[in-house]
Amino acid sequence: MKKVILVPALLVACISMLLASCGGMVTKADDGVVVDSDSIEAVLEAERIAKTPLPVDQLPSVSEIDYSITVFDTATSGVLDDMKNVYLETPGVFTFRGNTLRDANFGGQVKGTPTKIVQKWVFKTDFDGTHTSMGTWGGGSGWTGEPVYVKWTDKQMARFKAESPALTADFAAEEIMVGSLCGNVYFINFQTGKASRTPIDVTNPIKGSISLDPSLNGNLYVGQGIPKVDPMSQLGINLFKHDIFYYSGRDANAWVRWCAFDSSPVRVGQFLFWPGENGTIYKFLVKEGELIKHSTLRFRAKGDGAAGVENSLCVYKNYGFFGTNHGDILCIDLNTLKPIWHYDNHDDIDGSIVCEVIDDVPYLYTGCEVDRQGLSGYCHFLKLNGLTGEVVWEDKLSCEKLNLGGKHFDGGLYCTPLLGKGDCEGMIFANICQFETPNKADFVAFDKQTGDIIYKVRLKTFAWSSPVGFLNESGKQYIFAGDSSGFAYLIDGKTGEILFCEHMVNNFESSPVVVGNQFVVGSRGQEIHKFEIQ
């Protein structure tokens, strides 16, 4: 027989809120509130787990790396004041793949069985024809290039109208922000596709995904990716003043000279974490219109040179996970930046690690490219236990490099994998560039428990863009994937059936942001597009 306890009526509101998410029972009695004690205990246990940090003892694999931590702000404790995934608390998409887990949980929705993708608007960027040491980059957006989507409150709208010098007649609550290869940050009315503010010129091309502070304090974080003007830098932009408040410049102490910042920074507690291709993880104390460098981590595998980080930091609680250009996967404690464990995944890791939490255990999904292996090798696509770095399963997919127009393109994984939802709950999806025949790539569905390949869908060319998912009212998942020749695919996630395939843009190299049954994604060729799935 279940126990019940009487709780003073003063606590009823608090208890009701706690139990609402758990389906617990709360009923009123004359002298208090009758509460299912099992439900109360479950809620309290969930709260305890959420606030309990993960272990910070270093595992033996840390001996495989050398590292150095420098603390600049000794007056500020480095301990996180909160470990919540704050990106889940405010409507909008503010960082690459939506939140700290990088799981693209955008909440995309469609009705029935969708059969087509329709273009709603096209926004044109400028074109920069400057010849750099790495070629001409033009406009539009590239890899990873995911836009920010925000829906401002009335109070925030009023403040922008009172303070910002940059608003246009099309400024509205729903806004898209995107970094461009032409070196501008653009602001677009989500509904009309018209400029909502004047662009901000950051000089150097932006390849990665910009990041909006989830506190909506007006801080926008932008990383430069190509040195039209040296050096490349991390930038902080104050959206209320419409100006740049932080410019990092070159880090003279970095272990890697190349100082691009393709990684999309992420906010945890009072800090912002920002990996760089200069082999450094940066930790900043965040204030409105201000970034204060707190500490840095530099690292390298023993017997190897230091390596940069192009992917975006994946976070669960006080753990941060990332991969390097040399194939190292590190788990670090975000309170101290000390490494917890290290795993060698053989080759360059550009796609961001995805985390799935089961019973307070973070499980990680990631894969590598064929770069350092030579002209051919394997994409090692795997699942790790995030507490230990131990392999749960591993797939080895044969891949080759592609030589095209005097340039080479690595085989393997560039996208960030997509966790299945609804009827695809036991699956995970990724685009794998294999190049065994000219331009070959496959959209691959894996079994999350075993790593077995459930099916492959042949794409018309290689694909760097990350897939995104949509659920219908019956819980069936449909997936959008785009390839580098500009073909759009709508795929039944469960079966792999292609429901729609059509050439729609110059290319899909950037990753989409999803809002309902619509998504916004950039393309080379000076274009940012909004599409609707019907």
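Colleague: What should I know about the model before I start?

Modeller: It is a predicted model, in which local features need pLDDT of at least 70 and side-chain atom pairs count only at pLDDT 80 or more, while totals for chains, interfaces and linings use all residues. Residues are numbered from 1 along each chain as its sequence is written, and side-chain values use heavy atoms, with hydrogens and water left out.

Colleague: How many helices and strands does the protein chain have?

Modeller: The protein chain has 3 helices and 41 strands. Both are DSSP runs numbered from the N terminus: helices are H or I with at least four residues, and strands are E with at least two.

Colleague: And why call the chain as compact as a globular protein of that length?

Modeller: Its radius of gyration is 23 Å, close to the 24 Å that the globule rule gives for 534 residues, so the chain is as compact as a globular protein of that length. The radius is taken over C-alpha atoms, and the rule is 2.2 Å times the number of residues to the power 0.38. The C-alpha atoms fill a box of roughly 80 × 55 × 55 Å along the principal axes.

Colleague: What share of the residues count as buried?

Modeller: Of the 534 residues, 60% do. Buried means under 20% relative accessible area, exposed means over 50%, and partly exposed is in between, with a 1.4 Å probe and protein chains only.

Colleague: Changing topic. Where are the cis peptide bonds?

Modeller: One joins tryptophan 143 and threonine 144, with omega about 5°. Threonine 144 is in the loop between strand S6 (117-124) and strand S7 (148-151). Another joins aspartate 230 and proline 231, also with omega about 5°. Proline 231 is in the loop between strand S12 (219-223) and strand S13 (234-238).

Colleague: Why mention them?

Modeller: Because most peptide bonds are trans.

Colleague: Which residues have a positive phi?

Modeller: Arginine 102 is one of them, with phi near 55°. Arginine 102 sits in the loop between strand S5 (92-93) and S6. Aspartate 359 also has a positive phi, near 50°, and lies in the loop between strand S23 (354-358) and strand S24 (361-366). Most residues other than glycine have a negative phi.

Colleague: Is arginine 102 buried or exposed?

Modeller: Arginine 102 counts as buried, at 0% relative accessibility. Aspartate 359 is exposed, with a relative accessible area of 75%.

Colleague: Now aspartate 492. Where is that?

Modeller: Aspartate 492 lies in strand S37 (residues 487-492). Aspartate 492 is buried, at 8% relative accessible area.

Colleague: What does its side chain reach?

Modeller: The side chain of aspartate 492 reaches the backbone nitrogen of lysine 494 at 3.0 Å. That is a polar contact, a pair of N or O atoms within 3.5 Å; within protein, one must be able to donate a hydrogen and the other to accept it, and residues adjacent in sequence count only if both atoms are side-chain atoms. Beyond four places in sequence, the contacts of aspartate 492 include Tyr455, Lys476 and Glu497.

Colleague: And asparagine 325?

Modeller: Asparagine 325 is in the loop between strand S20 (319-323) and strand S21 (328-333), and is buried at 16% relative accessible area. The side chains of asparagine 325 and aspartate 348 make a polar contact of 3.2 Å.

Colleague: Last one, phenylalanine 171. Buried or exposed?

Modeller: Phenylalanine 171 is buried, with a relative accessible area of 10%. The residue is in the loop between helix H3 (154-163) and strand S8 (174-179). Leaving out residues up to four places away in sequence, phenylalanine 171 touches several residues, including Trp152, Met157 and Arg197. Its C-alpha is 42 Å from that of isoleucine 49, which is 122 residues away in sequence.

Note on methods
Contact means heavy atoms within 4.5 Å.
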